[in-house]
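Open the structure in your viewer and keep the selection panel at hand. The stops below say what to select next and what is there.

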Amino acid sequence: MIFAASTPLFGHRGVASVTGMHLTQGLHRSVQQKPNDVAVIDGDREISYADLLSRVARLGAVMRGAGMESGDRIGILATNSAMYLECALACAWIGAVLSPINNRWSPDEMAFQVDDAGISMLIADPAHRETATILAQRDSVVKAVVTDDYDERIESAEPIDDVYADPDA
């Protein structure tokens with residue numbers, strides 16, 4: 001069966017979609033097909049697809065608990081790591097927008113981005129904790145900052161359901 005682009009199809013949970021795809025579909029599919037396979041290697045740490053999905057659902061809960069809603073901008077100030085991937089997927093999980101902050105910029109350039117993008121929450125790895133704290137103090141749009149207690153917050157949160165955000169929305 002062939003559908004024209006204007007023909008509405010209803011994907012998961014009644015969300016209108018031509019393709020029926022969503023931003024976290026690859027993660028869900030990987031968990032379905034190979035839950036115990038390694039999804040991420042970060043230094044000495046290996047994370048399976050099932051564990052990655054659990055961490056993303058819990059980080060989504062942390063974001064929601066900080067007041068983040070669909071469409072809100074969440075900044076990340078970190079180097080390449082499992083944390084970075086988890087943040088990207090958790091933003092999609094709740095329908096938020098990830099706004100990566102270039103860690104090579106000066107604090108003034110970063111502050112401009114935070115203000116210009118309207119970043120409401122800032123997540124930073126331990127190497128960028130000080131800068132994240134300074135950015136949050138300088139800019140009134142940042143409501144929440146997560147740094148050193150990142151893993152503890154994820155582990156203590158109850159997972160939430162995926163909103164199945166449409167990449168074309």
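**Stop 1: the whole chain**

The chain has six helices and six strands. Helices (H or I, at least four residues) and strands (E, at least two) are DSSP runs, numbered from the N terminus. Read along the sequence, their pattern is α-β-β-α-β-α-β-α-β-α-β-α.

This is a predicted model: local features need pLDDT of at least 70, side-chain atom pairs count only at pLDDT 80 or more, and totals for chains, interfaces and linings use all residues. Residues are numbered from 1 along each chain as its sequence is written, and side-chain values use heavy atoms, with hydrogens and water left out.

Colour by pLDDT, the predictor's confidence in each residue, from 0 to 100. The chain average is 87, and 86% of the residues score at least 70. Select strand E2 (residues 45–48): confidence is highest there, at a mean of 98. Strand E6 (residues 144–146) is lowest, at 81.

Now select residues 1–18. Their pLDDT stays under 50, and the model gives them 16 contacts beyond four places in sequence. Contact means heavy atoms within 4.5 Å. Across the chain, take the contacts with a separation of 6 or more: 64% of them join residues 24 or more positions apart.

**Stop 2: the cores**

Of the chain's 169 residues, 39% count as buried. Buried means under 20% relative accessible area, exposed over 50%, and partly exposed in between (1.4 Å probe, protein chains only). A nonpolar core is a set of buried Ala, Val, Leu, Ile, Met, Phe, Trp, Tyr and Cys residues joined through side-chain atoms within 4.5 Å.

Select Leu59, Met63, Ile74, Met121, Ile123 and Tyr150. In the largest nonpolar core, of 32 residues, these touch the most other members. Helix H2 (49–65), strand E3 (73–77), H3, strand E5 (119–124), E6 and H6 each supply at least two residues of this core. H2 provides its largest share, nine residues.

Zoom in on Leu59. Leaving out residues up to four places away in sequence, Leu59 touches Glu86, Cys87, Ala90, Ile123, Tyr150 and Ile154. Then move to a second, separate core of eleven residues; Ile101, Ala111, Leu122 and Val142 are among them.

**Stop 3: the largest pocket**

Select Arg45, Met83, Pro126, Tyr150 and Asp151. Of the 14 residues lining the largest pocket, these lie nearest its centre. Helix H3 (82–94) and helix H6 (150–156) are the elements that give two or more residues to this lining. H3 gives the most, with three.

What classes make up the lining of the largest pocket? It has four nonpolar, three polar and seven charged residues. The space in the pocket is about 180 Å³.

**Stop 4: Pro107**

Pro107 is in helix H4 (residues 107–117). Is Pro107 buried or partly exposed? It counts as partly exposed, because its relative accessibility is 41%. Show Leu135 and Arg138: Pro107 touches both, not counting residues up to four places away in sequence.

**Stop 5: Tyr164**

Finish in the segment after H6, where Tyr164 lies. Tyr164 is not a glycine, yet its phi is positive, about 55°. Most residues other than glycine have a negative phi. Tyr164 has a relative accessible area of 16%, so it counts as buried.

Conventions:
1 Å grid on protein atoms, 1.4 Å probe; cavity = no way out; pocket = protein on both sides within 12 Å on 5 of 7 lines; lining within 4 Å. Points joined across faces, edges and corners; volume = space filled by probe spheres on them. Nonpolar A, V, L, I, M, F, W, Y, C, P; charged D, E, K, R; others polar.
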